[in-house]
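Dear colleague,

I am passing on the structure we discussed, with the sequence alongside. Please have it open while you read the notes below.

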Amino acid sequence: MKLYYAPGACSLSPHIALREAGLAFTLEKVDLKTRTLAGGGDYLAVNPKGYVPALQLDNGDVLTEGPAIVQYVADQRPQSGLAPAAGTPERYRLAEWLNFITSELHKSYSPLFSADAAAGWKDAARSNIARRLDVIERHLDGKSYLLGERFTVADGYLFTVLNWSGWTKFDLSKWPRIQAYLARIAARPKVREAMAAEGLLENAAA
Ligand SMILES: N[C@@H](CCC(=O)N[C@@H](CS)C(=O)NCC(=O)O)C(=O)O
């Protein structure tokens, strides 16, 4: 498999999942401004959507959309526990978290990165993020990870998104359980490997 990524972008989530699952893969860096590949070539020919992540499967098919990709990865190694088994109530909890992260958090961070976004839009995004983090903070009471004591692909995704807080100057000090959760995930050997491979270790989440 080949993962198309940009350092520190949401593609870090499937990157973590691939390493946690112990699957064989290669990485190809994408320049998101020019939509070209580091090795040369047009990224739009790989993924017409133009954004990362994209995962080229062993049969040549290309899978896009982070939440779909991480579930695919987890299902290649069910014994990894990265996703509960399909059809179980826990699997729908995983889907619930992945959807919440992608639509309620990931996309709320986007305006904070944009030089063109108006101040009012950024303020509204910050207040949306804060309300979502309140929910997560309460949920993490007595739990190591979103689904309990086992790390899943939802944790890799949430870690990836909240890792943007440093770059966007979004202060997480109001949420101590979330801070401890991020530190717990940042210490995982496979997470460190993924971050090192993307050149991110010096910018790791607090
Ligand atoms: N819906 C997509 C969104 C992916 C996304 O927002 N990717 C960002 C990086 S975090 C990107 O590549 N942005 C560049 C662009 O949209 O041109 C997913 O969940 O995979």
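Predicted model: local features only at pLDDT ≥ 70, side-chain atom pairs only at ≥ 80, totals over all residues.

Residues are numbered from 1 along each chain as its sequence is written, and side-chain values use heavy atoms, with hydrogens and water left out.

The protein has 9 helices and 5 strands (DSSP runs numbered from the N terminus, with H or I over at least four residues for helices and E over at least two for strands), and along the sequence these follow the pattern β-α-β-β-α-β-β-α-α-α-α-α-α-α. Its radius of gyration is 17 Å, close to the 17 Å that the globule rule gives for 206 residues, so the protein is as compact as a globular protein of that length; the radius is taken over C-alpha atoms, and the rule is 2.2 Å times the number of residues to the power 0.38. Buried residues make up 49% of the 206, where buried means under 20% relative accessible area, exposed over 50% and partly exposed in between, with a 1.4 Å probe and protein chains only.

Helix α4 (residues 89-113) has 25 residues and should span 36 Å at 1.5 Å a residue, which agrees with the 36 Å between its end C-alpha atoms; the expected span is 1.5 Å times one less than the number of residues. Thr 102 is partly exposed, at 22% relative accessible area, and, leaving aside residues up to four places away in sequence, touches Pro 67, Lys 107 and Tyr 157 (contact means heavy atoms within 4.5 Å). The buried residues of α4 pack against α3 (66-76), α5 (119-139), α6 (153-162) and α7 (164-167).

The structure holds 10 salt bridges, each a side-chain nitrogen of Lys or Arg within 4 Å of a carboxyl oxygen of Asp or Glu. One of them joins Asp 75 to Arg 91, with the closest N and O atoms 2.9 Å apart; Asp 75 lies in helix α3 and Arg 91 in helix α4, so the pair ties together parts that are 16 residues apart in sequence. Arg 91 is buried at 8% relative accessibility, whereas Asp 75, at 38%, is partly exposed.
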